[in-house]
Amino acid sequence: MTTETRTRASRVAHRSQTLPKAPTGIAGLDEITGGGLPRGRPTLVCGTAGCGKTLLAMEFLARGALEYDEPGLFVSFEETADELTANVRSLGFDLEEAIRDKKLSIDFVRVEPSEIEETGDYDLEGLFVRLGFAIEEIGAKRIVLDTLESLFGGFENEAVLRAELRRLFRWLKDRGLTALITAERGDGQLTRQGLEEYVSDCVLLLDHRVVDQRSTRRLRVVKYRGSAHGTNEYPFLIGESGISVLPITSLGLEHPVSDERLSSGIPRLDAMLGGAGFFRGSTILVSGTAGTGKSTLASHFADATCARGERCLYFAFEEGPAQIVRNMRSVGIALEPWRRKGLLRIQACRPTTLGLESHLATMHHAITEFEPRVVIVEPISSFLNAGPVEDARAMMLRLVDFLKAQGVTLLFTSLTGGGEDLEQTEVGMSSIVDTWLLLRDVELGGERNRALYVLKSRGMAHSNQLQEFLITARGIELLEPYLGPEGALTGSARVAQEARDKAAAVTREQELEAQRLLLERKRRALDAEIERLRLDFEAEQAQFERAIAQGEARERALARDRAALEQSRHGDGTAPRVNRRRTNEGGGRP
Amino acid sequence: MSLPKKKSVPAKVRTLEPEERWDLRLYVAGQTPKCLAAFSNLQELCRAHLEGRFQIEVVDLLEQPQLARGDQILAVPTLVRKLPEPIRKIIGDLSNTERVLVGLDLRPRS
């Protein structure tokens, strides 16, 4: 807030170097004029009847007296002081106190043509004396003449009158008074009596138009000598706290940004939004067809805001506060405690009861008074559909700008029609929106299911998945997305597909088990074969060993027999040679 | 009432009531030629038509500026007939006697 005020102040200061200016204190007007009306010079405010000239003039004086310490004199040619005081009291100005404190003075100049007979040469010195006296009485720095043209009805001699008017403006300039002169709009010229001829420093034009049964007031700076100024037509409102001109472009894109993230109140949705939720001060659009849970989503956010201890202002244009509270209780969101604690305010109003401007003014007023950190507008589509779309869009833009400048987060919902393309209908809104959540029905297998996706979200990595969600007794629950080979599925189709998947998995398991068993059997068969072969081998080995042992035993027996024979023959060893040969033939030993 | 007679009619006024008092107030702003002319024109006219039953009070707004508001004075000079009622206002230097007499209700409007 302080940074914002400072930048605005410096911007105003920068511009005002061109010409000394007297700030009006009227919201928005000082921005358009680059600091206010030309100080010490007259400014002309012209417009048709009932366009707010008198009010603008009075606010200029009242704010000058109360906020800028510049006493003001209101010279009224049409309404008495009592009437004027009563008229502006409804706008929050207590003039009586200012009048008692000698900061403000109202002088009713009665011009009654029927009472006046002209009998020769005259001038308006009486008026000058009168103004001079009233100015000195309070040390006025500002003066309003409302409506000077009434003089033309009171005096026949126009030549005298015009000469005197010229003298009057000169006289006001010489006294260094910042003057505001109101005049009726004339045919083909700015004012009926051509007052712009005399007041040429600054001319403001007020307009009151009715388009499609809705009235819009507009203000334009026709001329501002020696100063740059906004040249557009700016809509303005007469609200509960006076006039506010809402310059569409004046706030520009210079608003501060925050890195702080705010939970949407739905953890899974936060996860989709880069894992942390919305940015503080961003603008969030939740759009969708009827019954897709827009209000519930908005209430989640309201609930999360209050849970952080921040104030939330909820503008409801379709349901009353009690109904919202009841409905949200049914899905497990308790809003009533927050209302009792003063953290949540639900302001309900039918869109058709007021014009767009009045709505904006009312919202403006409520926001300024309640100072919420989060604002919810539910839904804006009522405005989009009812009035001219450009106007509704301009209104939203102004609201967005106003909130952004203060770092207030705005969430608004929008109802899209059944047959329309969801993403096309609010294409005009897209540019002013930072995060756009789209809620939609997914029709499949004879049922409608709800799905959510993040269409866009500036400044964060966000999920591209279409997530199904349910509205349960605990509010919105996002489901793990089912993304099979056959695409994203929802509802029963999803459940069925999951069952099919499960069945398939079971079958695969069983096949695997069978193969495992087969393998086991084969392994066992192999083991048995190996055992058999080993046993065969062992049997054979034993047989061989036995045969070898028998052979050896026989050899030993033969050797013994031969030795015994030799002994018995007492031979010299010739005879055994024959025996040995025989042994070799009959024996197994190599 | 016939039109051609209008210009040739002499300065003849309506018959005044025996007790009728005339209370006149002339607002001026300093001694400008216009104001001086108005004063002398007024005196002449009163002597001619209201002899013995009039009273003139001259108010200089430069000296009593607050009276400009109280009596709703814009033009200078302004002559106000306070009595007889109702109050009547005549502005200018009173050089057009015809119109002054009409304005003061001394002669009916034609």
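Begin with an open sheet of five strands, ordered 6(A)-4(B)-3(B)-1(B)-2(B), with mixed pairing. Strand 6 of chain A and strand 2 (54-60) of chain B are its edges; each has a single partner strand, so one side of each lacks a neighbour in the sheet. Direction ignored, neighbouring strands here are turned by 25° against each other on average. Keep in mind throughout that this is a predicted model.

**Stop 1: where the chains join in the sheet.** Select strand 6 (residues 116-118) of chain A and strand 4 of chain B. They run parallel, joined by three bridges. Which residue of strand 4 of chain B is the bridge partner of A:Ile116? Pick B:Lys89.

Stop 2: Show B:Thr78 next; its bridge partner in strand 4 is B:Ile91.

**Stop 3: the wider contact.** Now colour the contact between the chains. Chain B supplies 29 residues and chain A supplies 20 residues. On the chain B side, the elements giving two or more residues are helix 3 (66-70), strand 4 (88-91) and helix 4 (97-103). That side of chain B comprises 16 nonpolar, seven polar and six charged residues.

**Stop 4: the nine-stranded sheet.** Move to chain A. Its open sheet of nine strands has the order 17-16-18-19-15-20-21-22-23, again with mixed pairing. Strand 17 (344-348) and strand 23 (475-478) stand at the edges with a single partner strand each, so one side of each has no neighbour in the sheet. Between neighbouring strands of this sheet the average turn is 25°, direction ignored.

**Stop 5: inside that sheet.** Select strand 15 (residues 283-288) and strand 19 (residues 409-415) of chain A. They pair in the parallel sense over six bridges. In one of these strands, strand 19, A:Leu410 is the bridge partner of A:Thr283.

**Stop 6: a helix across the strands.** Show helix 10 (residues 294-307) of chain A. Helix 10 lies across several strands of chain A, among them strand 16 (312-316), strand 18 (374-378), strand 20 (435-444) and strand 22 (467-472). Against strand 18, helix 10 runs at about 165°.

**Stop 7: the core.** Finish with the largest nonpolar core, which has 154 residues. Which residues have the most contacts inside it? They are A:Ile143 and A:Ile376. Centre on A:Ile143. Beyond its neighbours within four places in sequence, A:Ile143 contacts A:Gly72, A:Leu73, A:Val75, A:Ile135, A:Leu172, A:Leu177 and A:Ala179.

Key
Residues numbered from 1 in each chain as written. Chains lettered and ligands numbered in written order. Predicted model: local features only at pLDDT ≥ 70, side-chain atom pairs only at ≥ 80, totals over all residues. Contact = placed C-beta atoms within 7 Å. Helix = DSSP H or I, 4+ residues; strand = E, 2+ residues; numbered from the N terminus. Nonpolar A, V, L, I, M, F, W, Y, C, P; charged D, E, K, R; others polar. Pairing = 2+ DSSP bridges. Core = buried A, V, L, I, M, F, W, Y, C linked by C-beta atoms within 7 Å. Buried ≥ 20, exposed ≤ 12 C-beta atoms within 10 Å, placed from the backbone. Axes fitted to C-alpha atoms, helices over the stretch in contact; angles between N-to-C directions.
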